[in-house]
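User: I am new to reading protein structures and would like to go through this one step by step. Please take my questions in turn.

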Amino acid sequence: MSTRRVVVVQAGLGQPSSSRLLADRLATATRDALLERGDEAEVVTVDLREHAHAMADALLTGFATGELRTALDAVRDADAVIAVTPVFQASYSGLFKTFVDVLDDGALRGTPVLLAATAGTARHSLVLEHAMRPMFAYLKAITVPTAVFAASEDWGSGGTLDTGLSGRIDVAAGELADLLTGRPPGTDRVDEFADPVPFEQLLGR
């Protein structure tokens, strides 16, 4: 059994925040998906709000130190990354982008990344496709097909999940686990067209 290093990078500002809640759910689902495939997960969560001042210093000086350096090294050495940002002004947050700006060159090259975002309304859901996915493509990361967006209405009382959001989390986590384990995607899916009824038989009905 292999142990996969999964680093969760989340840019929520509150404590708690919906971004942190989503990040934790994605991490748990990924751990479960890896266990189903015979691997374990070592999960490290990076809360960017804790590194805000250090990131500003790194931008000005060109050098990251202390706990920020540890966080950057963790992302560089990760087997997979789960990236979660709140939506500000119809895009990823400035805090999230600042972390990306101070990453080492090539840090995410070839790394599987699960993309996720939160916002007050589902109207911002395309942020994942028009902002986040192109940025990670530029960084040469391998993004999983299913990105996860959570609006306010996706959360119930006490942090419970809407059924649709829960399903998207499971699908995305499964895709990330498939990339990590080298398993062909969709192995467990049933192809309804794999055993079609012969045309002649259809005509006879």
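Analyst: One definition comes before the questions: axes are lines fitted to C-alpha atoms, for helices over the stretch in contact, and angles run from 0 to 180 degrees between N-to-C directions. Also note that this is a predicted model.

User: At what angle do the axes of helix 4 and helix 5 cross?
Analyst: Two packed helices are described by the angle between their axes and the distance between the axes. Helix 4 covers residues 94–102 and helix 5 covers residues 127–138, and their axes come within 12 Å. The crossing angle is roughly 5 degrees.

User: Is helix 4 roughly parallel or roughly antiparallel to helix 5?
Analyst: The axes of helix 4 and helix 5 cross at roughly 5 degrees. Angles under 35 degrees count as roughly parallel. Helix 4 is therefore, relative to helix 5, roughly parallel.

User: Which residues of helix 4 are buried?
Analyst: The cover over the buried residues of helix 4 includes strand 1, helix 2, helix 3, strand 3, strand 4 and helix 5. To count as buried, a residue needs a relative accessible area under 20%. In helix 4 the buried residues are Leu-95, Phe-96, Thr-98, Phe-99, Val-100 and Val-102.

User: Which residues does Phe-136 touch, not counting residues up to four places away in sequence?
Analyst: Phe-136 is among the residues with the most contacts inside the largest nonpolar core, and it also takes part in the meeting of helix 4 and helix 5. Beyond four places in sequence, Phe-136 touches Ala-83, Phe-96, Leu-108, Val-113, Leu-115, Ala-141 and Thr-143.

User: Is Arg-133 buried or exposed?
Analyst: Arg-133 lies in helix 5. Its side chain reaches the backbone oxygen of Pro-145 at 3.2 Å, and Arg-133 touches Leu-115, Leu-128, Thr-143, Val-144, Pro-145 and Ala-147, leaving out residues up to four places away in sequence. A relative accessible area under 20% counts as buried. At 17% relative accessibility, Arg-133 is therefore buried.

User: What separation do the C-alpha atoms of Ala-117 and Val-148 have?
Analyst: Ala-117 belongs to strand 5 (residues 112–119) and is buried, with a relative accessible area of 0%. Its contacts beyond four places in sequence include Leu-22, Thr-85, Leu-128 and Val-148. Ala-117 and Val-148 are 31 residues apart along the chain, and their C-alpha atoms are separated by 6.5 Å.

User: How far does a polar atom of the side chain of Asp-154 lie from the backbone nitrogen of Ala-151?
Analyst: Asp-154 sits in the loop between strand 7 (148–151) and helix 6 (163–181). Its relative accessible area is 12%, so Asp-154 is buried. From the backbone nitrogen of Ala-151 to a polar atom of the Asp-154 side chain, the distance is 2.8 Å.

User: What is the phi of Lys-140, which is not a glycine?
Analyst: Lys-140 is in the loop between helix 5 and strand 6 (142–143). The relative accessible area of Lys-140 is 42%, so this residue is partly exposed. Its phi is positive, at about 70 degrees.

User: What type of peptide bond joins Gln-15 and Pro-16?
Analyst: Pro-16 is placed in the loop between strand 1 and helix 1 (18–36). For the bond joining Gln-15 and Pro-16, omega is about 0 degrees. The peptide bond is cis.

Methods: Residues numbered from 1 in each chain as written. Predicted model: local features only at pLDDT ≥ 70, side-chain atom pairs only at ≥ 80, totals over all residues. Heavy atoms only, no water. Helix = DSSP H or I, 4+ residues; strand = E, 2+ residues; numbered from the N terminus. Buried < 20%, exposed > 50% of the residue type's maximum accessible area, 1.4 Å probe, protein only. Polar contact = N/O pair within 3.5 Å; in protein donor to acceptor, adjacent residues only side chain to side chain. Contact = heavy atoms within 4.5 Å. Parallel < 35°, antiparallel > 145°, perpendicular 65-115°, else oblique. Core = buried A, V, L, I, M, F, W, Y, C linked by side-chain atoms within 4.5 Å.
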